[in-house]
Amino acid sequence: MHENDQNAGGLRFDVVAGLTAAAVVLPKAMAYATVAGLPVQVGLYTSLVPMAVYGWLGSSRVLSVSSTTTLAILTGAQLGAVVPDGDPAKLLTATATLTALVGALLLLARLLRLGFLANFISAPVLTGFKAGIGLVILLDQTPKLFGVHITKQSFFADILSVVRALPETSLLTAAVAAATAIVLIGMERLKPHSPAPLIAVATAIAASWIFHLGAQGVSTVGHIPQGLPSVTLPDLALVQQLLPGALGIALMSFTETIAAGRAFVRPRDPPINANRELVATGAANVAGSLLGAMPGGGGTSQTGVVRAAGGQTQAASLVTAAAALATMLLFAPLLGLLPNATLAAIVIVYSIPLIQPAEFNAIRKVRRMEFGWAIVATIGVLIFGTLQGIVIAVILSLIGLASQTFHPRITVIGRKRGADVLRPLDPENPDDETFEGLLILRPEGRLFFINAQDVADQITALVGQHKPRVLALDFSRVPDIEYSALQMLQEGEKGMTERGVIVWFVGLNPGALEVIRRAGLDTLLGPDRLLFNARAAIERYTALNALSANAAGLVPDPKA
């Protein structure tokens with residue numbers, strides 16, 4: 001009985017959270033549909049099927065899945081390229097095809113176990129990318145705030161077009177947009193996660209009906225079909241055109257979904273399973289594509305509403321989906337009175353958080369190079385477009401990874417005087433002891449084709465500086481050695497031997513040792529030059545020195 005009471009209490013919380021989320025999510029979803037250049041009802045469709053499917057399959061207890069600002073602008077860019085004339089029937093078919101492709105790519109990623117791609121874009125680059133998206137959305141929606149029209153060209157050209165069009169502003173349209181913004185911002189500040197979008201939409205619809213705003217020049221949404229969406233099948237002929245964009249949208253959908261899911265995990269919640277998320281979001285998009293949904297994914301702000309309202313399970317998402325269904329069946333005629341300026345204000349208010357100056361500043365303080373990447377990612381979106389911006393973001397992330405691994409740290413190891421502590425030589429510890437004729441070098445990180453030559457150059461330079469008889473390479477911080485790096489080590493060992501420098505390999509990790517053995521390098525070196533750790537190298541060298549000291553004038557033979 002007690003367990004039943006607990007379940008009932010939890011369900012009550014989920015119902016309240018689901019209805020609260022619906023009050024926030026549904027108006028925003030309709031607004032995001034307009035960002036993508038689609039009818040507002042597509043936002044409702046995206047809050048119905050994908051949200052319900054994820055509710056059954058997802059690994060997060062509270063993640064809310066529908067459309068997001070980033071996915072909306074990416075979808076709009078792709079659809080605009082494929083259906084430039086904006087034909088409604090073609091748009092719906094293209095949307096179904098794009099959404100199905102996104103879902104299929106996510107499911108394929110699961111089959112290939114590509115869950116690690118959730119972290120494929122670095123945080124600084126993602127910060128810059130989202131800032132660029134935010135600026136594009138702000139400019140895209142600005143004409144709707146003032147009731148003006150421009151011919152879209154490029155970001156910077158559109159800024160000039162908006163400025164030139166401002167004298168034609170509809171003051172009544174601007175007043176509606178301003179009132180909406182005041183309601184949204186004011187309520188969010190007074191009570192975060194409140195149903196501000198619902199109140200703004202309801203107020204705007206009431207004002208449109210009472211004051212006949214449509215007849216006074218204020219653009220409204222217009223007719224919305226009442227009832228369930230009709231089944232729309234993807235068009236295979238569009239697959240080739242839509243595939244590149246679908247790849248980018250799938251990547252961003254998964255990235256945002258994982259980020260939102262992880263952000264709201266509580267200590268007792270099950271961990272977010274990346275591969276299960278691929279299945280859930282993939283199935284959600286495939287199912288949604290058949291019933292008019294645009295590409296969707298998990299959203300941070302809407303999930304925050306669910307958590308703040310006390311949501312505990314995915315029953316909250318099912319309640320939100322039910323609210324979307326009720327809206328389609330009962331309130332579609334009223335939604336037709338909604339001013340487009342209200343939707344534009346909603347989009348702008350909830351897109352501004354994409355632009356995070358404080359995050360840029362934090363990156364700049366810690367790493368100026370990554371700050372540069374963030375700026376380049378932003379500019380890339382503004383100049384080349386949103387879909388191309390994803391490619392730029394991925395390339396920048398890969399360049400960042402390559403630059404960080406291109407020049408791995410190689411330190412000279414000494415011993416703290418009077419203690420059995422080995423550590424890198426540092427000017428702050430001038431009393432650390434070294435051993436004449438023995439140079440211990442410790443590379444750090446994976447050795448592979450990108451950094452193999454750089455490692456070789458660093459080692460050669462340090463050997464030339466210290467002129468040792470024995471070079472002990474401490475691989476304790478090297479998890480793996482790729483084939484190109486292995487060749488570098490083989491050639492380097494041969495070159496050092498020709499120069500009269502004996503090379504010891506020290507502290508090989510299991511993975512690196514296996515590579516050395518497969519290449520036969522362990523046989524070449526012999527057991528005397530494969531040592532357990534740096535301490536063993538020091539002990540062996542010291543012992544050899546002591547033995548050779550018995551014969552005056554003889555140089556120690558490290559190979560003995």
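Biologist: Which residue forms a salt bridge with Glu 493?
Modeller: Arg 529 forms that salt bridge, with the closest N and O atoms 3.1 Å apart; the term stands for a side-chain nitrogen of Lys or Arg within 4 Å of a carboxyl oxygen of Asp or Glu. This is a predicted model, in which local features need pLDDT of at least 70, side-chain atom pairs count only at pLDDT 80 or more, and totals for chains, interfaces and linings use all residues. Residues are numbered from 1 along each chain as its sequence is written, and side-chain values use heavy atoms, with hydrogens and water left out.

Biologist: And is Glu 493 buried or exposed?
Modeller: Glu 493 is buried, with a relative accessible area of 6%, and Arg 529 counts as buried too, at 11% relative accessibility. Buried means under 20% relative accessible area, exposed over 50%, and partly exposed in between (1.4 Å probe, protein chains only).

Biologist: What about Asp 140, which partner does that one have?
Modeller: Asp 140 forms a salt bridge with Lys 152, their closest N and O atoms being 2.2 Å apart. Asp 140 counts as buried at 15% relative accessibility, whereas Lys 152, at 54%, counts as exposed.

Biologist: How many salt bridges does the count come to?
Modeller: By this rule the count comes to 16 salt bridges.

Biologist: Changing topic, where is Arg 518 relative to Glu 514?
Modeller: Both lie in helix 20 (residues 510–518), four residues apart, so about one helical turn separates them; helices are DSSP runs of H or I with at least four residues, numbered from the N terminus.

Conventions:
Helix = DSSP H or I, 4+ residues; strand = E, 2+ residues; numbered from the N terminus.
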